[in-house]
Amino acid sequence: MERTAMDWRTHEIENQVNELVDYDLFSTDAALVEAVARVGGDWFANTLGDYGAELGRTETWRMAADANRLTPELERYDARGRRIDQVSFHPSWHAILELYRNRGLVSLPFRDELRGRWGAWVAGFYLHGQIEAGTLCPATMTQAAIPLLQKEPALWATVGDKLYSDRYDPRDLPIRDKASIWIGMGMTEKQGGSDVRSNTTAATPVGVGGRGGEYLLRGHKWFFSVPTSDAHLVVAKTPDGSPSCFFVPRYRPDGSRNAIRVQRLKEKVGNRSNASSEVEFEDAWGVLMGEPGRGIPTIIEMAGYTRLNCVVGSAAMLRQALVQALAYTRKRRAFGRALADQPLMRAVLADLALESEAALVLAMRLAEAFEAGDDPAQRAWKRIMTPAAKFWVCKRAVEACGEAMEALGGNGYVEPGVMGRFYREAPVNSIWEGSGNVMCLDVIRAMAREPESATALLDDLAPSGGGEAPIRAELAALRDLLTGDPEVLEGRGRRIAQRLVLVAQAALLRERAPSFVADGFIATRFAPDWGRVIGGIDPAGLDVEPLLARAFPT
């Protein structure tokens, strides 16, 4: 007797839960909705609502997966042997990048003087980063280049309207022929990494060098982000050996392709949708930005913006890790009840919820500082807290993504699925724009150079703490550290950065979050036995149910 396919079936598929799709990322995030209103960004709420719904669609998730699975490809030569250095992206890359640009998010922080514009941008970036992070690389670099280019009147006259444009233009053409443009960065070389002063790329003036002068660049870059960008900001040494910053377009003014040779695309652990490359400059044409020898200060200024983006991007991945873990464990059953009802899993989920809201409230406070101006307290938030936040939040995102993957068990570890992609993606923000040690050294040195700024920062946090004993004690301990030997403090940099971020998050949550969120954070993060592992907390004193309901509604 012939058997049918049904006869071979050995089991029914049950108790299997797919990753969450088709939901509105904005309206389901109570902390984000409240934060946007708090900073005065209500005028952007409808746009964020539409964007959150569009990003959450199954089709958008599919495009994100395709862009990371079908990665960029480099074609060095055309069919007749001409060097073209063309990088081809999957159509999904362009579609997702277009979603971001069309919402006006690239230039939003620098437009007009609308109150809450920085917070509105944080919200849009945060939503986008929960679905696809690679496309945020060109968005970040382009945004960070805007305030630098605004200081160069001649350059700004040719690129300003194209940087402010919300129209996506993927065409590979000279800047003058584009509706909008993207800016990349070329800083890192083989021998130096974060030590940009050790760069060897040389810039030779064409005619008389000087401000706004033309130069020819010769050398290499070990990481050249998004080689198809319409221009890059590049650090090279002028003839006197001083590092300077140059605007190096993909095409020369005469319309010919600039002499930037793409050697290969990097094969990366994550960030696969995005093209990162190694390049050689064979007398590539560029324009000096600012005065010769001011390349390092220019980088530092740009890094202030890009590091903020790293904080927001990691907070976004942390948020999505929490959402996926919650959605999965509420439906997956084990040992007679939902995983989310198991005491140990509830401790993990509650800890993820606390970590996520703390990361968001800190990112929003940093955005307020970038918008507010340059008084001592706001400057301290930007100069001291931004690198500290990048160190801590980016590392916590790596841990949270791993924990969320574990919450899904083997289903979280297999492809296709979203958790593997987030887990691979998370480390890039800890590495890009300065690794953890670089961030901590930046914190210590900024505090040593500007002790008055550090004092202003701690003074600014004190009222927010609401008289909490743990917060008061930690602020007092940090004040004592200001008088320490900077060389000794360097070795304690990671510990100091961690303490600085935790006390800031605690004070902000006490001021801005429901009491059950602030109570839970303070009780766990300042407990003598807190051991950092997600879920390694005593949940007895936590109000877990409202905490999880606030994190993501059932």
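Here is a short tour of the model, stop by stop, with something to select at each one.

This is a predicted model, where local features need pLDDT of at least 70, side-chain atom pairs count only at pLDDT 80 or more, and totals for chains, interfaces and linings use all residues. Residues are numbered from 1 along each chain as its sequence is written, and side-chain values use heavy atoms, with hydrogens and water left out.

**Stop 1: a strand residue**

Select Leu288, which sits in strand E9 (residues 276-289). Helices (H or I, at least four residues) and strands (E, at least two) are DSSP runs, numbered from the N terminus. Leu288 counts as buried because its relative accessibility is 0%; buried means under 20% relative accessible area, exposed over 50%, and partly exposed in between (1.4 Å probe, protein chains only).

**Stop 2: helix H16**

Next, select residues 469-481, the 13 residues of helix H16. From first C-alpha to last, H16 reaches 19 Å, close to the 18 Å expected at 1.5 Å a residue; the expected span is 1.5 Å times one less than the number of residues. Which residues of H16 are buried? Colour Ile471, Glu474, Leu475, Leu478 and Leu481 to see them. Look down the axis of H16: these buried residues fall within an arc of 110°, so they line one face of the helix. The arc is that of the directions from the helix axis to the C-beta atoms. Show helices H15 (451-461), H17 (486-491), H18 (493-512) and H19 (515-525) too, as the buried residues of H16 pack against them, with contact meaning heavy atoms within 4.5 Å.

**Stop 3: aromatic rings**

Select Tyr100, Phe110, Trp118, Trp121, Phe125, Tyr305 and Phe370, a cluster linked by ring pairs. Rings of Phe, Tyr and Trp (its six-membered ring) pair if their centres lie within 6.5 Å. The count comes to 17 aromatic pairs.

Then pick Arg111, which lies over the face of Tyr164 at 5.9 Å from the ring centre. Arg421 lies over the face of Phe422, at 5.3 Å from the ring centre. A charge sits over a ring if NZ of Lys or CZ of Arg is within 6 Å of the ring centre and within 35 degrees of the ring normal.

**Stop 4**

For Cys401, the nearest cysteine sulfur is that of Cys394, 11 Å away. Cys401 counts as buried, at 0% relative accessibility.

Terms used
Phe/Tyr/Trp six-rings, centres within 6.5 Å; stacked < 30°, edge-to-face > 60°. Disulfide = S-S within 2.5 Å.
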